[in-house]
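Hi,

Here is the structure I said I'd pass on. Have a look first, and my notes follow below.

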Amino acid sequence: MALPTSIRERPRRTAIRAARVFDGHVMTDGPTTVLIDGSSITAVVSGHVEPENAELVDLAGATVMPGLIDTHVHLCFDASPDPVATLAERDDDAARTAMTAAARTALAGGVTTLRDLGDRTYLSLGLRTPDPAPVQPLPRILAAGPPITTLAGHCHFLGGAIADDPRAMRAAVRERAERGCDVIKVMSSGGVMTPGSRQEEAQFTREVLTAAVDEAHRCGLPLTAHAHGTSAIADCVAAGVDGMEHVSFWTTEGVEAPEHLLAAITERRIVVGMTVGMAPAPDHVPPPEIVARLPLILATLRGLVERGAVVVAGTDAGIAPPKPHDVLRTALGQLAEVGIGPLEALRVATTGAARVVGLADRVGRIAAGFEADLLIVDGDPLADPEAIHRILAVYARGVRV
Ligand SMILES: [Zn+2]
């Protein structure tokens, strides 16, 4: 029998010296030492101190920041040109191996917490690792299990298809709660990667969505809905969802975002999961219907940001070649297109995301008592956008990756 990590290993005391710290709220320039004991941050000290009995990690010129949090990924999709076909060819063992590799890619790229918003047969739940982290850590994973969808609906091939019926919906939500899912994901409209489903069309009735939200809340779980179509977004808002993904206001002709819905999303603090982050993928041809609508979608999101809506950056990592599992770093600069500057972008991907995934008291900050999930980069990401890609070290719950 393997011993728990806490018995196998003594707690590790580490002192990390850097040139500046982004603590999740503000960037503080000047020599700083971050102290770690075991899986937690124990102190953040101004100046370069050398505490006793601690491994010293001296990183001149570096910025220490909280590990990034991606609020929307799919570990089961491998960012290949046809991830649906690739997954179909894998049995659960092979899929689990690929998902582990995807999680490692995310972690190596500075994503220390991720929320999987759609897997097959609940495989992502098995990848959640106990505290403290094992020697070969994975990111902290929050899992939705198979997304709940209609019988031939968006991502039905992941196994979460049900009849458009309140009782079937309540049963599907309860099953996820009983299996230990962290969040409920419902496909309220069609999606790009499912032939036959249409983004502009709602999949469930408002009554069924309302039942989903009610049952999720009864189980103590938040619910976020994949929502492209304007009518589906209207139904989600009426049903009282906690969050929506994509929020593109997709119609047959283009994009249509009615004023009253933008106001309702903002006032009710419904989390807007903006699908951002694109890595270079020279051979990838994006679907023309997305290319045509993208400027309009970005304009709508900018409007929501200007109104003060709760927004968060979820990448949809895995669904296509420009979406590798470490793509979140590329989203930070791209948030400028929706009116979010460099400092606020760092907040969105750390403290903001931590709040949205329900972990604001544990992750997303560099402060005493918080988990030692760190991304350490060479240079100042506020002054030099490329610095975020020059990763010097990543720590997951105190373990250097
Ligand atoms: Zn997705």
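Ile-69 has Thr-113 in β7 as its bridge partner. That belongs to the parallel pairing of β6 with β7 (residues 111-116), which runs over 4 bridges. Strands pair here if DSSP finds at least two bridges between them, and strands (E, at least two residues) and helices (H or I, at least four) are DSSP runs numbered from the N terminus.

Before you go further: this is a predicted model, where local features need pLDDT of at least 70 and side-chain atom pairs count only at pLDDT 80 or more, while totals for chains, interfaces and linings use all residues. Residues are numbered from 1 along each chain as its sequence is written, and side-chain values use heavy atoms, with hydrogens and water left out.

Back to that sheet. It is open, with 3 strands in the order β6-β7-β8 and parallel pairing. β6 (68-73) and β8 (140-143) are the edge strands, each pairing on one side only. On average, neighbouring strands are turned by 15° against each other, direction ignored (axes are lines fitted to C-alpha atoms, for helices over the stretch in contact, and angles run from 0 to 180 degrees between N-to-C directions). Helix α10 (residues 342-356) lies across β6 and β7, at about 50° to β6; contact means heavy atoms within 4.5 Å.

Now the metal. The zinc ion has His-72 (NE2), His-74 (NE2) and Asp-316 (OD) as its protein donors, lying 2.1 Å from it. Donors are N, O and S atoms within 2.8 Å of the metal (3.2 Å for Na, K and Ca), and water is not among the atoms, so sites may look incomplete. Along the chain the donor spacing reads H-x1-H-x241-D. Because His-72 is in strand β6 and Asp-316 in the loop between β15 (311-314) and α9 (328-334), the pair ties together parts that are 244 residues apart in sequence. Both His-72 and Asp-316 are buried (under 20% relative accessible area, with exposed over 50% and partly exposed in between; 1.4 Å probe, protein chains only).

There is also an open sheet of 5 strands, β11-β12-β13-β14-β15, again with parallel pairing. β11 (184-187) and β15 stand at its edges with a single partner strand each, so one side of each has no neighbour in the sheet. Neighbouring strands in this sheet are turned by 30° on average, direction ignored. Inside it, 5 bridges join β12 (residues 223-229) to β13 (residues 243-250), and Ala-227 has His-246 in β13 as its bridge partner.

Cheers
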